[in-house]
Amino acid sequence: DGEPPKRWSDLGKPTLIDAEGRRVDLTTMVPDKREIGWGRLFVNENHRRKPLSIAGETFDAGFFAHGPSMLCFELDKEYARFEATVGIDTGAGATG
């Protein structure tokens, strides 16, 4: 049918942490470079405008994209750690 395989994935609650433990929500930043496998990048919602969901856990912040995808951010060296939950969006229905 010419339609690409449907594999929508989430990066739930992506957070940068500095040496003092201060946390920054990565969704408040704009990627300097992005490559999305198909469609477009969604921020803080899936393509159905629903909350991001991985294995039944809902996230109010995160990225939703069709794989394979890549997001690049120019970051200061002040950040010591990155945390996120990654997985297939279980709230995307048959297209997850």
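**Close-up views of a predicted model**

**View 1. Lining of the largest pocket.** Ser9, Asp10, Leu11, Leu41, Phe63, Phe64, Ala65, Ser69, Met70, Leu71 and Val86 line the largest pocket. Strands (E, at least two residues) are DSSP runs, numbered from the N terminus. The lining divides into eight nonpolar, two polar and one charged residue. Here Ala, Val, Leu, Ile, Met, Phe, Trp, Tyr, Cys and Pro count as nonpolar, Asp, Glu, Lys and Arg as charged, and the others, Gly among them, as polar. The largest pocket holds about 180 Å³ of space. A pocket is an open set of points on a 1 Å grid over the protein atoms alone, where a 1.4 Å probe fits, with protein on both sides within 12 Å along at least five of seven lines; lining residues have an atom within 4 Å of a point. The volume is the space filled by probe spheres set on the points.

The model is predicted: local features need pLDDT of at least 70, side-chain atom pairs count only at pLDDT 80 or more, and totals for chains, interfaces and linings use all residues. Residues are numbered from 1 along each chain as its sequence is written, and side-chain values use heavy atoms, with hydrogens and water left out.

**View 2. Trp8 and Phe42.** The whole structure has five aromatic pairs (ring centres within 6.5 Å, using the six-membered ring of Trp; planes under 30 degrees apart are stacked, over 60 edge-to-face, the rest tilted). Trp8 and Phe42 pair edge-to-face, at 6.4 Å centre to centre and 75 degrees between the planes. Trp8 sits in strand E1 and Phe42 in strand E4 (residues 42-43), 34 residues apart. Ring pairs link Trp8, Trp38, Phe42 and Phe64 into a cluster. Arg40 lies over the face of Phe42, 3.9 Å from the ring centre (cut-offs: CZ of Arg within 6 Å of the centre and within 35 degrees of the ring normal).

**View 3. Phe63 and Phe73.** Phe63 and Phe73 form a tilted pair, 6.0 Å centre to centre with 45 degrees between the planes. Phe63 lies in strand E7 and Phe73 in the loop between E8 and strand E9 (79-88), so the pair ties together parts 10 residues apart in sequence. Phe63 counts as buried, at 3% relative accessibility.

**View 4. Thr15.** Thr15 belongs to strand E1. Thr15 counts as buried, at 6% relative accessibility. Its side chain reaches the backbone oxygen of Lys13 at 3.0 Å.

Methods. Helix = DSSP H or I, 4+ residues; strand = E, 2+ residues; numbered from the N terminus. Buried < 20%, exposed > 50% of the residue type's maximum accessible area, 1.4 Å probe, protein only. Polar contact = N/O pair within 3.5 Å; in protein donor to acceptor, adjacent residues only side chain to side chain.
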